[in-house]
Amino acid sequence: QALLEESGGGLVQAGGSLRLSCVASGTIFSINAMGWYRQRLGKERELVADITNGGPTNYADFAKGRFTISRVKNTMSLQMDSLSPEDTAVYYCNADEAWTRTGDRLLRLWGRGTLVTVSS
């Protein structure tokens, strides 16, 4: 079974920081692009940032200058600084394209999400 597991969510005051982590496990051997998405209450799921296996990153406008995505092999992190109540959401880890050791291709893997709550 291919798994993506997020951790690091929680409650933080406005202006504070949190660091989210995502670990790929199970049958996953390698991953091309990985990303963080979020879904705010009543809103569509949206991209926060993504990073390829080679390192190039891409950020949503609201994340630029505040959030930093990083990755070591199949582990990905998101450092979030200067948080505001508008950042309150469930944050999801995504693997766009992955392979197992047996060469099976997996598409659009998602973790279960981790809740980030920013109080004012």
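User: What makes the meeting of the D61 and K64 side chains a salt bridge?
Analyst: Good place to start! In this predicted model, the N to O distance between the side chains of D61 and K64 is 3.2 Å. The cut-off is 4 Å between a Lys or Arg nitrogen and an Asp or Glu carboxyl oxygen, so the pair counts as a salt bridge. Both D61 and K64 are exposed.

User: Why is R38 called buried?
Analyst: R38 has a relative accessibility of 3%. R38 lies in strand 5, residues 34-39.

User: How do you know whether E46 is buried, exposed or partly exposed?
Analyst: E46 has a relative accessible area of 22%. Buried is under 20% and exposed is over 50%, so E46 falls in between and is partly exposed. E46 also forms a salt bridge with R38, with the closest N and O atoms 2.8 Å apart.

User: What does the salt bridge of R38 and D87 tie together?
Analyst: Their side chains meet at 2.9 Å, N to O. R38 lies in strand 5 and D87 in the loop between strand 9 and strand 10, so the pair ties together parts 49 residues apart in sequence. Both R38 and D87 are buried.

User: Which residues do shared partners join into one network?
Analyst: Salt bridges that share partners link R38, R40, E46, R66 and D87.

User: What makes the R38 and Y91 side chains a polar contact?
Analyst: They come to 3.1 Å, and the cut-off for N or O atoms is 3.5 Å, so this pair qualifies.

Conventions: Residues are numbered from 1 along each chain as its sequence is written. This is a predicted model: local features need pLDDT of at least 70, side-chain atom pairs count only at pLDDT 80 or more; totals for chains, interfaces and linings use all residues. Side-chain values use heavy atoms; hydrogens and water are left out. Helices (H or I, at least four residues) and strands (E, at least two) are DSSP runs, numbered from the N terminus. Buried means under 20% relative accessible area, exposed over 50%, partly exposed in between (1.4 Å probe, protein chains only). A polar contact is a pair of N or O atoms within 3.5 Å; within protein, one must be able to donate a hydrogen and the other to accept it, and residues adjacent in sequence count only if both atoms are side-chain atoms.
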